[in-house]
Amino acid sequence: MILRVWRAQIVPARIEEYRRFERERCLSMLRRQPGFLGVLFLRQAEDRVASLTIWENIGAVEALTSSPSYRRTVRELTESGLLAGEQPEEVFEIEGANLRADALLRALGS
């Protein structure tokens, strides 16, 4: 499995608009991608965000970047003016895990 980390700085006055974009645009786009297993949307302070996405394999991550719906979503986010600064991303191979899925889902309210 692969973990992809994307980070960004958001215009603080528009954080609610960004959260709506995550829920309405990003999540639905991700769910349609082959090999997508899950996502965590993260916040740090008022203006820093990250998303951790989990994928079946590196091929799924590579396919994401060429997906028309992914490219469209990235373009919309870039043109929205919600982002400030760079948006670095990193990809990690998951070598081990110990997740309590039931507890995680309860904690997330899902």
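Some ground rules. This is a predicted model: local features need pLDDT of at least 70, side-chain atom pairs count only at pLDDT 80 or more, and totals for chains, interfaces and linings use all residues. Residues are numbered from 1 along each chain as its sequence is written, and side-chain values use heavy atoms, with hydrogens and water left out.

Now the overall picture. The C-alpha atoms fill a box of roughly 35 × 35 × 20 Å along the principal axes. There are 4 helices and 4 strands. From the N terminus, the order is β-α-β-β-α-α-β-α. These elements are DSSP runs, numbered from the N terminus: helices are H or I with at least four residues, strands are E with at least two.

Next, the surface. Of the 110 residues, 32% count as buried. Buried means under 20% relative accessible area, exposed means over 50%, and partly exposed is in between, with a 1.4 Å probe and protein chains only.

What about contacts? A contact means heavy atoms within 4.5 Å. Take the contacts with a separation of 6 or more: residues 24 or more positions apart account for 72% of them.

Let's look at Leu82. It sits in the loop between helix 3 (68–80) and strand 4 (89–93). Is Leu82 buried or exposed? Leu82 is buried, because its relative accessible area is 1%. Leaving aside neighbours within four places in sequence, Leu82 contacts Gln9, Ile10, Val11, Arg14, Glu17, Tyr18, Phe21 and Leu77. Leu82 and Ala13 are 69 residues apart in sequence, yet 9.2 Å apart in space, C-alpha to C-alpha.

Two of those partners of Leu82 are Arg14 and Glu17. Arg14 and Glu17 form a salt bridge, with the closest N and O atoms 2.8 Å apart. A salt bridge is a side-chain nitrogen of Lys or Arg within 4 Å of a carboxyl oxygen of Asp or Glu. Arg14 is partly exposed at 23%, and Glu17 is partly exposed at 32%.

How many salt bridges does the structure hold? It holds 7. Another one joins Arg19 and Glu16, at 2.5 Å between the closest N and O atoms. Arg19 and Glu16 are 3 residues apart in helix 1 (residues 15–31), so about one helical turn separates them. Asp102 and Arg106 also pair, at 4.0 Å. Both lie in helix 4 (residues 101–108), 4 residues apart, about one turn. Arg106 counts as exposed at 60%, while Asp102 is partly exposed at 49%.

Last stop: Asp47. Asp47 lies in the loop between strand 2 (36–44) and strand 3 (48–55). Asp47 is buried yet has no salt bridge; the nearest side chain of opposite charge, Arg48, is 4.5 Å away. For charge, Lys and Arg count as positive, Asp and Glu as negative; His and the chain ends are not counted. Not counting residues up to four places away in sequence, Asp47 touches Ala8, Gln9, Ile10 and Pro12.
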